[in-house]
Amino acid sequence: MTRRWPPWTFGSGASVGALGSRLLALVSLAAWLSLGSQVRVLLGSRGLLPVAELIDAVRADGRASPFDLPTLCWWFHSDGALVGGTIAGALLSLAALGGWRPRTCFALSTALYLSYATVGRDFLSFQWDNLLLECGLLAAFLPTRRPAPVVHFLFRLVLFKLYFESGIAKWQSQLGDWQDGSAMTYYYETAPLPTWLAFTAHHLPVWWHHLESRATLLLELGVPFLIFGPRRARLLAAVVFSWFQIFNAATANYGFFCYLAAALNVFLLDDADVVRAGARAAPYVPTWLRRAVGRLRIQAPAPPAGEKPPSGLRRAAAIAGALFLVAGSLVDGLYQLAESDGALAFAAPLVELNQRFRLVNSYHLFASITRERIEPELQTLAEGDPGPEPEPADESADDGRWTPQYLWHKPGDPRRAPDFVAPHQPRVDFQLWFYGLAFRRRAPAYVSTLVDRMCEDPAAVQPLFRQPLPPHPTAVRIVYWRYLFVSRAERRATGAWWQRARVATSRAVRCPSTDR
């Protein structure tokens, strides 16, 4: 009797592969559409971090090669090329969603996304960008017509890393906030882009927040081991992880992250689970939607006549590749999270190479929770105004002359409700949250460029703001506010969601046109 190898198939076959491929394509489509809607203001020639300037500087330096900076932008970095690349990525995702050569589509889409992630710098440096790249690499090897136990195992490994490594990072938090239970007492109020449900969650009892904090540690350090267990254990893990991501998505906007993390749960199922779930859901799904889903061939299709199973050589290559990715994950995880005192210094070149291509990653989400929310608010001084005082005695004395310019998804006006925007990720709004945490340090390049654009080229950054920017402002400044959720009673009495207090005001930047 021949022994099955590898032994972790667990009934996960073609139906799971087909469903997983479609869900990953759907998330990839959302990622591309989100990036495409803002790529010019982020990376275009008049954007905040222009790619053309980066490539020109790298070429002038002469020390980096396309291997050091893996991106197609070496050759294509015009505004048209940047927009066209996101359209191409969206079309590749649509093709994969429709089942047309999905592995080829994922390979091309992932290489293209890596091109943007490499030159996107601050704006594409999020851990879920790395997660999308890692999943895209695996999806390029994911068959949808036959079982692929090695690839399915690697998807389970990614899911394990996502939660377990994040749990380790929380356990190692220097604040000890997850262990003492205080983390969740701050989380909902200080999340980068909370939803209006975060207000309700924040006002739950303190004992509940302490329970949440410790339960999160238990979930991330214990439940991931069920990923490699028998079917019932994996189903339990899938349910727990799914509810966890539902709560995440309900209370904060993390772009496509929650949806991508939830999609990975599919690889914890057996084919029979997919078929059974489809049969139970069918009576509640409109006919037109059933037909559309049927065209995607989510359930396992019959393999073409005469198709041969993978040869022994291909199986051996798959296992060798899997072992390489497992070893890479282990080394990278230890390098990032372990206190090795130089014991892993030998792995530094491998880790550096891996970080360059971002295809095998470590994850440390929400390692500690910030305890205050500092929001930078950009303000303009109208054309014709004599200009700001050099150093006013009272920072708020001339507030009436300044006009706040609210970004679409920042708190801004305390009476405006936090909104739902995911799976779109407004990357400038999100990144400014990080800037608020460290605003007393030197402003990052994109903040300085944003102020310059508001002065000299307001049309270039207009898509970021709710109201029309003045075409010729006299000056621009940043006011930093500490935001707190109001009490429930105050919310009912005033209609406000936030209360805020000024923390600091930057020196006003006079716009060049006023000095002519």
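Figure 1. At 0% relative accessibility, Cys-511 counts as buried, where buried means under 20% relative accessible area, exposed means over 50%, and partly exposed lies in between (1.4 Å probe, protein chains only). This is a predicted model, in which local features need pLDDT of at least 70, side-chain atom pairs count only at pLDDT 80 or more, and totals for chains, interfaces and linings use all residues. Residues are numbered from 1 along each chain as its sequence is written, and side-chain values use heavy atoms, with hydrogens and water left out. Cys-511 forms a disulfide with Cys-455, the two sulfur atoms being 2.0 Å apart; a disulfide is a pair of cysteine sulfur atoms within 2.5 Å. The torsion about the S-S bond of Cys-455 and Cys-511 is about -70 degrees, so this disulfide is left-handed. Cys-455 lies in helix α18 (residues 445-456) and Cys-511 in the segment after β5 (509-510), so the pair ties together parts that are 56 residues apart in sequence. Helices (H or I, at least four residues) and strands (E, at least two) are DSSP runs, numbered from the N terminus. Cys-455 is buried too, with a relative accessible area of 7%. How many disulfides does the structure hold? The count is 1.

**Figure 2. Helices α6 and α7 side by side.** Two packed helices are described by the angle between their axes and the distance between the axes. Here the axes of α6 (residues 127-139) and α7 (residues 149-171) come within 10 Å and cross at roughly 170 degrees. Axes are lines fitted to C-alpha atoms, for helices over the stretch in contact, and angles run from 0 to 180 degrees between N-to-C directions. The helices α6 and α7 are therefore roughly antiparallel to each other; angles under 35 degrees count as roughly parallel, over 145 as roughly antiparallel, 65 to 115 as roughly perpendicular and the rest as oblique. On the α6 side, look for Leu-131, Glu-134, Cys-135, Leu-138 and Ala-139, which meet Val-151, Leu-154, Phe-155, Val-158, Lys-161 and Leu-162 of α7. Contact means heavy atoms within 4.5 Å.

**Figure 3. Ser-166 and its neighbours.** Staying with helix α7, we come to Ser-166. Ser-166 counts as buried, at 1% relative accessibility. Leaving aside residues up to four places away in sequence, Ser-166 touches Lys-161, Glu-220, Tyr-363, His-364 and Leu-365.

**Figure 4. Phe-126, in the loop between α5 and α6**. Is Phe-126 buried or exposed? With 6% relative accessibility, Phe-126 counts as buried. Phe-126 and Arg-427 are 301 residues apart in sequence and 9.8 Å apart in space, C-alpha to C-alpha. Beyond residues up to four places away in sequence, Phe-126 touches Arg-358, Gln-425, Arg-427, Phe-430, Gln-431 and Phe-434.

**Figure 5. Val-486, in the loop between β3 and α20.** Find Val-486 between β3 (475-485) and α20 (488-494). Val-486 is buried, with a relative accessible area of 0%. Which residues does Val-486 touch, not counting those up to four places away in sequence? They are Phe-199, His-203, Arg-491, Ala-496, Trp-497, Trp-498 and Gln-499. Val-486 and Phe-199 are 287 residues apart in sequence, and their C-alpha atoms are 8.7 Å apart in space.
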